[in-house]
Amino acid sequence: MIRRFGTPPDPRQSYRRRPGAYALLPLDGHLLLTLQDDPGPDLQLPGGGIDPGESPLAALHREVREETGWRIAAPRRVGAFRRFAYMPEYDLWAEKICLIYIARPVRPMGPPSEPGHTALFLRPEEAAQRLGNAGDRHFAARLVRGMI
């Protein structure tokens with residue numbers, strides 16, 4: 001069973017399984033993160049949904065580039081978690097299956113192409129406290145403690 005973070009599922013609600021790939025991106029003592037402005041400010045590990053027919057690694061590269069403008073190298077999976085959430089941009093109740101990777105940001109290619117996203121760097125200790133969901137915070141804290 002994959003560890004769950006956040007609120008438990010509502011037994012009266014139907015959820016659609018939504019796999020996604022997300023990355024811890026350490027560089028020079030900081031983590032590259034994305035701030036999503038809409039539907040409200042939310043600090044996140046860069047990443048997102050895996051499209052039908054797409055591999056998790058291809059999705060990871062695409063999503064990091066769209067949300068931060070950076071290219072990455074050497075991704076390695078370090079864990080997974082799930083959470084149940086409403087996704088207003090899709091009008092969807094989802095069971096998000098979050099595959100977590102660590103990778104190296106290698107080159108900024110320009111600004112994020114995904115509207116409403118801003119790339120920023122924070123110290124890992126600060127990220128572990130400020131990330132918008134408990135699963136992201138858990139993996140950032142593991143990085144801080146040297147467990148990744």
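Which residues is L25 in contact with, leaving aside its neighbours within four places in sequence? The legends below start with that residue and move on through the predicted model.

**Figure 1. L25 in the loop between β1 and β2.** Leaving aside neighbours within four places in sequence, L25 is in contact with H30, L31, L32, P46, V64, I72, A103 and P105. L25 has a relative accessible area of 0%, so it counts as buried. Q44 is 19 residues from L25 in sequence. The C-alpha atoms of L25 and Q44 are 11 Å apart.

**Figure 2. The largest pocket of the predicted model.** Its volume is about 650 Å³. The lining of this pocket is made of 31 residues. Q36, Q44, M87, E89 and K96 are the closest of them to the pocket centre. By residue class, the lining holds 11 nonpolar, 8 polar and 12 charged residues. At least two lining residues come from each of β1 (16-24), β4 (42-44), β5 (47-49), α1 (56-68), β6 (70-87) and β7 (92-108). The most come from β6, which gives 5 residues.

**Figure 3. E63 in helix α1.** The relative accessibility of E63 is 8%, under the 20% limit, so this residue counts as buried. The side chain of E63 makes a polar contact of 3.0 Å with the side chain of R62. Beyond residues up to four places away in sequence, E63 touches G47, G48, G49 and E114.

**Figure 4. The largest nonpolar core.** This core has 20 residues. L24, L31, L33, L45, I100 and L131 have the most contacts inside it. β1, β3 (30-36), β6, β7, α2 (124-130) and α3 (134-144) each supply at least two of the core residues. The most come from α3, with 4 residues.

**Figure 5. The surroundings of L33.** L33 is one of the residues with the most contacts inside the largest nonpolar core. Which residues does L33 contact, leaving aside its neighbours within four places in sequence? They are L43, Q44, L45, P46, T68, T118, A119, L120, L122, A127 and L131. Among these partners, L45 and L131 also have the most contacts inside the core, together with L24, L31, L33 and I100.

**Figure 6. Helix α3 within the structure.** Of the 11 residues of α3, 8 are buried, so the helix is largely enclosed by the rest of the structure. The buried residues are G135, D136, H138, F139, A140, A141, R142 and L143. They pack against β1, β3, β4, β6, β7 and α2. At the start of the helix, N133 places a side-chain oxygen within 3.0 Å of the backbone nitrogen of G135. Just after the helix comes G146, with a positive phi of about 75°.

**Figure 7. V144 in helix α3.** Is V144 buried, partly exposed or exposed? Its relative accessibility is 37%, between the limits of 20% and 50%, so V144 counts as partly exposed. Leaving aside neighbours within four places in sequence, V144 is in contact with P124 and E125. E67 is 77 residues from V144 along the chain. The C-alpha atoms of V144 and E67 are separated by 23 Å.

**Figure 8. D28 and D91, two residues with positive phi.** Most residues other than glycine have a negative phi. D28 is not a glycine, but has a positive phi of about 50°. Where is D28 found? D28 is in the loop between β2 (26-27) and β3. With a relative accessible area of 71%, over the 50% limit, D28 is exposed. D91 is not a glycine either, and its phi is positive at about 50°. D91 has its place in the loop between β6 and β7. At 61% relative accessibility, D91 counts as exposed.

Terms used: Residues are numbered from 1 along each chain as its sequence is written. This is a predicted model: local features need pLDDT of at least 70, side-chain atom pairs count only at pLDDT 80 or more; totals for chains, interfaces and linings use all residues. Side-chain values use heavy atoms; hydrogens and water are left out. On a 1 Å grid over the protein atoms alone, a cavity is a set of points where a 1.4 Å probe fits but cannot get out, and a pocket is an open set with protein on both sides within 12 Å along at least five of seven lines; lining residues have an atom within 4 Å of a point. Grid points are joined across faces, edges and corners, and a volume is the space filled by probe spheres set on the points. Ala, Val, Leu, Ile, Met, Phe, Trp, Tyr, Cys and Pro count as nonpolar, Asp, Glu, Lys and Arg as charged, and the others, Gly among them, as polar. Buried means under 20% relative accessible area, exposed over 50%, partly exposed in between (1.4 Å probe, protein chains only). A polar contact is a pair of N or O atoms within 3.5 Å; within protein, one must be able to donate a hydrogen and the other to accept it, and residues adjacent in sequence count only if both atoms are side-chain atoms. Contact means heavy atoms within 4.5 Å. A nonpolar core is a set of buried Ala, Val, Leu, Ile, Met, Phe, Trp, Tyr and Cys residues joined through side-chain atoms within 4.5 Å.
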